[in-house]
Amino acid sequence: MLRHVTSINDLTNDEIERIFSHADAFLASLGDPLVRHRIATSTDKARGRILATLFHEPSTRTRLSFETAMIRLGGQSISSADPATSSAAKGESLADTVRVVSNYADAIVLRHPRDGAARLAAEYASVPIINGGDGAHEHPTQTLCDLFTLRRENKRLRNLNVVVSGDLRGSRTIHSFVYALARFGANIMLMPAKGMELPAHVDERLREEFNCRAVPRQMYEDDNAAINALYVTPDMPHQLSLIPSVEVDAPVDLKIRKKIDVMYVTRFQKERWAEASADYPRIDSNFLRESKYSDTAVLHPLPRVGELDVALDGDSRALYFHQASYGVPIRMALIDLLLTDPAMQGLDRYSGGFATSPRPMYNRPYAAGVRCANLNCIVHDPLERDYIRDKFWLMDGGPAGAQRLRCVYCESNVDAHAAGNMKKREFTVLSVGPTERSSEIPAHLVFFRDRDEALQQGYVEKSPRERHPSHA
Ligand code: NCD
């Protein structure tokens with residue numbers, strides 16, 4: 001089995017810590033990235049190995065720091081940085097491209113405008129796929145840089161108050177970051193631009209899978225009026241504090257602890273949405289003047305386009321250039337571990353992520369039943385039509401007895417309110433929810449978004465039953 005990194009949840013907490021200690025050593029050989037005229041040294045750990053960077057969207061930091069990392073490791077990189085000059089422009093599918101490039105390189109870093117593209121690539125590649133950003137879905141290696149920055153600044157994550165601001169809906173960096181914050185025990189405070197709130201499925205995962213508790217508004221709004229929602233992560237013994245030498249605190253008392261430890265700023269993702277919000281949060285020294293921001297670490301994945309004042313650059317709280325510079329040692333560590341460490345290889349992590357238990361998977365029968373509701377998901381890409389079909393994890397919950405389905409690629413949810421039998425072409429409306437869990441999904445099972453969809457597809461309604469029709 002090949003090891004891919006398509007989501008931050010493909011890595012365990014232990015592995016993230018291993019990447020960080022490995023990156024510490026590389027950082028020592030590179031010298032302090034912010035000191036001019038430093039002399040960085042390279043290793044030969046990846047001599048003879050090749051990294052391919054396949055970027056179907058613009059990039060400065062991610063692509064160049066991956067390529068620098070590979071060169072610093074003694075390897076080489078090949079790049080397709082512009083889809084207009086690759087066969088994608090001729091209509092080649094991503095599935096074919098990664099199969100071909102797997103023969104040229106030992107690992108592939110992929111950036112793509114479609115949510116879930118990295119997971120499709122992982123199905124077809126014969127070398128590790130590293131997600132360099134897929135649509136609005138995730139950007140796991142940026143999160144490694146973000147957490148590493150906080151760790152270098154000696155900010156343990158447990159009980160830290162971390163504000164994430166801006167386009168929380170479209171920023172893939174945010175989605176990977178909040179999952180990691182929750183897993184390591186930080187409190188997450190949301191400060192979205194209007195209409196750019198966290199996607200419903202990310203919010204749901206934070207609460208249902210990563211044990212976050214949503215705090216009632218009256219508990220925090222007096223002091224943090226800009227904060228739109230707050231999640232706290234209760235103490236969980238299996239969670240690590242990221243900096244092991246620091247004692248784990250008692251559970252946070254938000255009435256007492258009002259300091260903001262981290263402010264993570266993001267830009268409006270203009271390539272994903274048509275309209276900017278008029279009241280987009282802008283962070284400057286005026287915003288940060290209150291005492292609760294006196295020791296706040298200001299982070300930004302960059303590029304910034306006005307939402308983070310350049311006048312802050314000389315402020316000791318501004319850490320975003322450190323954050324960008326750590327891209328090289330972090331990516332050196334990740335590449336090295338993926339290519340050489342047996343403990344990181346040979347594991348199939350493609351089972352819905354680590355923090356969640358494996359779930360049964362529903363393969364949508366060709367041309368029948370419900371489809372992924374996210375139109376930017378890779379399953380809707382016309383170029384990939386012959387290579388991919390909708391696949392869903394069967395989730396617990398769902399309103400009014402419906403079966404909640406999570407797309408395996410983009411991880412967004414859709415609720416199926418009806419289910420039927422492909423062979424008999426019959427369906428029933430789901431009213432009591434699944435009564436049993438089985439890892440064996442019957443081949444004839446087909447889910448529909450609702451009764452109308454089933455009828456439109458020529459299925460005949462059977463009277464409702466007490467049992468889930470999939471097990472009839
Ligand atoms: C981010 C991205 O591409 O998602 N950039 C990066 O990799 N540092 C953030 C962004 O583009 O807003």
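Helix α2 (residues 61-72) and helix α9 (residues 327-340) have axes that come within 8 Å of each other and cross at roughly 60 degrees. Axes here are lines fitted to C-alpha atoms, for helices over the stretch in contact, with angles running from 0 to 180 degrees between N-to-C directions. Everything here comes from a predicted model, where local features need pLDDT of at least 70 and side-chain atom pairs count only at pLDDT 80 or more, while totals for chains, interfaces and linings use all residues. Residues are numbered from 1 along each chain as its sequence is written, and side-chain values use heavy atoms, with hydrogens and water left out.

Helices (H or I, at least four residues) and strands (E, at least two) are DSSP runs, numbered from the N terminus. At that angle, α2 and α9 are therefore oblique to each other; angles under 35 degrees count as roughly parallel, over 145 as roughly antiparallel, 65 to 115 as roughly perpendicular and the rest as oblique. The α2/α9 crossing is right-handed, that is, the near helix is turned clockwise from the far one by less than a right angle. On the α2 side, Arg61, Thr62, Ser65, Phe66, Thr68, Ala69, Met70 and Arg72 meet Gly327, Val328, Arg331, Met332, Ile335 and Leu339 of α9, contact meaning heavy atoms within 4.5 Å.

A second pair, α5 (residues 140-152) and α6 (residues 172-184), has axes that come within 8 Å and cross at roughly 50 degrees. These two are therefore oblique as well, and α5 passes α6 in a right-handed crossing. Pro140, Gln142, Thr143, Asp146, Leu147 and Leu150 of α5 make the contact with Thr173, Ser176, Phe177, Ala180, Leu181 and Phe184 of α6.

Now for the ligand. Around it sit Arg61, Thr62, Arg111, His139, Gln142, Arg172, Thr173, Arg267, Gln269, Pro301, Leu302 and Pro303, each with a heavy atom within 4 Å. Several polar contacts (pairs of N or O atoms within 3.5 Å) can be picked out. The side chain of Gln142 puts an N or O atom 3.1 Å from a ligand nitrogen, and the side chain of Gln269 has one 2.9 Å from a ligand oxygen.

Most residues other than glycine have a negative phi, and most peptide bonds are trans. Leu302, though not a glycine, has a positive phi of about 65 degrees, and the peptide bond from Leu302 to Pro303 is cis, with omega near 5 degrees. Pro303 is found in the loop between β10 (297-299) and α8 (320-325).

Note on methods: Polar contact = N/O pair within 3.5 Å; in protein donor to acceptor, adjacent residues only side chain to side chain.
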